[in-house]
Amino acid sequence: MASVHESLYFNPMMTNGVVHANVFGIKDWVTPYKISVLALLYEMTASKITLPERRRLNKLILPLQQGPDLTLGQFLETVEECSAQTAYAVKIRKNTVLPLRAPVNPDSEVESFLHAQAGSCWVVKNWLHEMADGELKDMEFFFSTLPTQFTAFDSEAYKTSVVGLFIRHMLLAYNKLSFSQVYKLYKSLQHYYHSHYAKPTDEQASLPALAADDSDMDLTSTEDTDGHTVDKEELDTTLHESDLRGDNAPSRGPLSQKQAEYFLARQAYLLKNDENKALKPAALQEELNNMLKFNPDFAEAHYLNYLNSMRVQDIFLSTHSLLHYFDRLILSGNEGKSNGDEGYGRSLRYAALNLASLHCRFGHYHQAELALHEAIRIAQESNDHVCLQHCLSWLYTLEQMKGSDSTVLTEDSVKMAAHFCLPYLASLGIQSLVQQGATQGKTAHKLMDALKDTDILHWKHSLSELIEISLAQTTSIWRMYGKSTMALQQAQLLLNMSSLEPVNFGVQQNNTEAFAVVLCHLAELHAEQGLYSAVSAIIQHLKDQFPHHTQHAKLWMLCDLKIQFEKHMNEGNYNLAEPLVTAISALNKTEGLYRKAQVLKALNCSTEAYSILQELQAHCEKTKCTEMVIRVMLSTAELHWESSGFSTALPLLLQALALARQHHLQSLASETILHLAFTQLMLGVPEQALNVLHEAIEPILAHGSVMDKGRTMLLAARCQMAVAGFRPNQQGQADSRLVVLAVDSLNEAAAYFSKLSCKERLRDVHYLQAQLHHSLGQTLQRNKSAMLFRLLDQELQSPPVSMRL
């Protein structure tokens, strides 16, 4: 649960997200990209820039300084986005460059206009052009002018500011370079500039890159303080290869300490809040491998590697990275006590706890239990109550995953978490109790009261993540109880709620599991009403927000497959629904088996369908999946209709109705009543069937799907015809009042089935309409219904099914 994401913050090397140990032998060095950043900062200080443009450029300073090195194309594109005039001027003067130290010809209107309007991006290109196409002394001149500009009395870049410190670091690193290293830096700058305009030739590709080891590039001392030495030839090769990459390739050179911290913080935040904006798993893995190649003991890189491996369900690499993360923490905490609050004692117990959570996620319950007991033992020895509460929360979670009753453990966890003032764990425990109560048949008002109390706790402590989970859970509970209107309201409430999380890295809201669950509920609710165009828009939004490589993509994949399956089954396209069963089974075995039985039943393979339903019912009774048990009972009763008769289905339907009412499942109870009414109609008691049906009409019309509404009105019409004593081809003998009511019911059913393009059921409706209009003497209406029936019958070319609800 929470400990999986919080273990990064238990790192004894970190305080408020800052690594105190010097984990990098190389602190900072000069690169062609950083020369471009220096030119931009110089221009921002030296020239007069409009206030809106300056504000936009100021927002770029920290990401440009601490982010990985960009190619010249990426850098210029980023700067150009800050000003439309800048981009326009650069496009005009793409191939014409004005030397900065050359005087501007006042008689040239174009030159004066561009010099006044082009902005900082154009001037940066001129700086780089002058240095790349000039001589080594031009680069020396650039670094010699930097101190003068930034040490002026009215300069905005103070010595202790972010910009001032960056410039001082660059100047110190440049002054410590030997002559050969300065020459290689100059050659790298030439290649960096020219590769932006043309593909590098063999001669350009052979240009040497900047070579420097960490003893020369260290900004504070000439010795390697951590003992991590980067080989000079390896660094030369790496920097050279990084210059030959395309514009869209990530940085391949070794990152400085600030760059690595910024990269890890950004990717970890995006993985938690908006995984779609983070690097894809393969690209992130490549970056982390490159980072660990230069510093294998960087613990936070191993932890991000663990989170990235969890995205693709890689059990080996995720376990390997998690163990390496805590091993590095233990190695770095030599002065800590083994049983204290700091040092490797804390790392050991949280390592075991995180290992238990990892095995829980992959379904390795025995290994998870062993790791959890180890974490509990170490936490008890060190008297760490917070760790013990995390262990207890994972203990009842593990019991739930194994199918055991964990109510007592959950209640104990909530009490202890409240005692130790741990609102996050207390709220998680209450939400878990609500989920268990919903599956055990607790009434809705008790569950909603408990969620209301947790919501007060969430808003009091600004627990944004738990607020979202609570709303998503409320939506699921209302849908389970058959209250589609309330579920729709809760879903809209979550989607329109402003997140309490701080907006970082351009993330406007949390694209977490709660949002995916709610959007899937919305898609299913719209599909039930036949609004498939809206369903397509919702599914497309889910695909954009949660791509296939993200960890929550399985939710919308299963939702999309289920909607397509139901649509094909309603339309009678069983050959299109059958291939979807395999895909559904890959995501959810239980749902796949149920839909396989539905397809077999529709194809008149009753024996195979019955054996699958019996196997599925035994499994669901063992796992206490009440909803699926009731659906299986209803499908089994339909098989009894076709084989052994209607009377044998009554005990099964009564058992399903009792189970649905016991668990307050209104939608399933209404569907069971429909089956009972149809069974009584076929047994020859239409009056009793009509009375039973009246109990289900109101909730179905209020909260049911379009298909359920159509089936209900069609069944009501049949019951009304039977009660009226209607006989085909006989006029004037039936009760005309009930016949007119039956005609109205059939018209309403036809409207519902037309919305779903359910042609088989529409054919039955038009057949009954033609008979009723004939008995009432309505010739025009009879001929119209008969024509519609004939057209559908010719199109379907299949015999009508008489014994079907």
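Which residue forms a salt bridge with Glu695? In this predicted model, the partner of Glu695 is Arg661, with the closest N and O atoms 3.3 Å apart. The pair links distant parts of the chain, as Glu695 belongs to helix 35 (residues 686-703) and Arg661 to helix 33 (residues 650-662), 34 residues apart. Glu695 is partly exposed, at a relative accessible area of 48%, and Arg661 is likewise partly exposed, at 46%.

A search of the whole structure gives 19 salt bridges. One of these joins Lys562 and Glu524 through their side chains, at 3.7 Å from N to O. Here too distant parts of the chain are linked: Lys562 is in helix 28 (residues 553-571) and Glu524 in helix 26 (residues 513-528), 38 residues apart. Lys562 and Glu524 are both buried. Through salt bridges that share partners, Arg479, Glu524, Glu528 and Lys562 form one network.

Between Glu638 and Lys601, the closest N and O atoms of the salt bridge are 2.7 Å apart. Because Glu638 lies in helix 32 (residues 626-642) and Lys601 in helix 30 (residues 589-602), the pair ties together parts that are 37 residues apart in sequence. Glu638 is buried, with a relative accessible area of 17%, and Lys601 counts as buried at 16%.

Helix 16 (residues 299-311) has 13 residues and spans 19 Å from its first C-alpha to its last, close to the expected 18 Å. Since 13 of its 13 residues are buried, helix 16 is largely enclosed by the rest of the structure. Gln313, which follows helix 16, has a positive phi, near 60°.

Definitions and conventions: Residues numbered from 1 in each chain as written. Predicted model: local features only at pLDDT ≥ 70, side-chain atom pairs only at ≥ 80, totals over all residues. Heavy atoms only, no water. Helix = DSSP H or I, 4+ residues; strand = E, 2+ residues; numbered from the N terminus. Expected span 1.5 Å × (residues − 1). Buried < 20%, exposed > 50% of the residue type's maximum accessible area, 1.4 Å probe, protein only. Salt bridge = Lys/Arg side-chain N within 4 Å of Asp/Glu carboxyl O.
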